[in-house]
Amino acid sequence: MNETLETIKKRYSCRGYEDKPVETEKIEAIIKAALQSPSAFNKQPWHVIAITNKAIIDEANDHVMDLLREREDQTAYERIMDRGGKPYYNAPLMFLILKKQDMSEWASVDSGIVVQNMTLAAMSLGLGSVIAAMCATAFQGPKADEFKQKVNWPEGYEFGIGLLAGYPAMEKEPHEIDLAKVTYV
């Protein structure tokens, strides 16, 4: 099996990270993989923010837990508590993939392509990652402006998708594939 297919086969959603920063070279390689993503009409309606400041990630983590604790539906809060009480799983690296507002009906799809390139790049570099929509919570909640200012969120962009990454503190088997989800015509 070729290297790319092997990386895809091994990738899993990592929800636990070592307390170890990711090297700049690896972060830059992941960002380049993001920027090499295809997009509809080559519009590239994205902006990537790489957050390595652990204090900001931890502050956002705590804020998200406060918000989840206040919800009437406690499902998300309980699920995260069962996984250690950290929605960002102690990740030392958070990527925010933003999409240009009013850019295109395809901007969400383009953001998905970007994050998939990034997660495969992370896996190929020996890092774990998890695609995390929960990254939006801190940047859309009552402290949104405060957090956006801390990460230099550019004007005219909205949250697309998030990615948490770092050295895995856990291992997990990739999910089983279900060939029943395929139709050949």
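Helices α1 and α5 are roughly perpendicular (65 to 115 degrees) to each other, because they pack at an angle of about 100°. Their axes, lines fitted to C-alpha atoms over the stretch in contact, lie 9 Å apart. Helices are DSSP runs (H or I, at least four residues). In the contact (heavy atoms within 4.5 Å), T7, I8 and K10 of α1 meet L120, M123 and S124 of α5. These residues divide into three nonpolar, two polar and one charged.

This is a predicted model: local features need pLDDT of at least 70, side-chain atom pairs need 80 or more, and totals for chains, interfaces and linings use all residues. Residues are numbered from 1 along each chain, and side-chain values use heavy atoms, without hydrogens or water.

The largest pocket holds about 240 Å³ of space. Its lining (an atom within 4 Å of a point on a 1 Å grid) includes I8, L120, P174 and I177. Both α1 and α5 give two or more residues to this lining. By class, the lining has four nonpolar, two polar and three charged residues.

Confidence is given as pLDDT, from 0 to 100.

| Part | Mean pLDDT |
|---|---|
| Protein | 93 |
| α4 (residues 75-82), lowest | 88 |
| α2 (residues 24-35), highest | 98 |

In the protein, 99% of residues reach 70 or more.

How values were computed: Axes are lines fitted to C-alpha atoms, for helices over the stretch in contact, and angles run from 0 to 180 degrees between N-to-C directions. Angles under 35 degrees count as roughly parallel, over 145 as roughly antiparallel, 65 to 115 as roughly perpendicular and the rest as oblique. Ala, Val, Leu, Ile, Met, Phe, Trp, Tyr, Cys and Pro count as nonpolar, Asp, Glu, Lys and Arg as charged, and the others, Gly among them, as polar. On a 1 Å grid over the protein atoms alone, a cavity is a set of points where a 1.4 Å probe fits but cannot get out, and a pocket is an open set with protein on both sides within 12 Å along at least five of seven lines; lining residues have an atom within 4 Å of a point. Grid points are joined across faces, edges and corners, and a volume is the space filled by probe spheres set on the points. pLDDT is the predictor's confidence in each residue, from 0 to 100.
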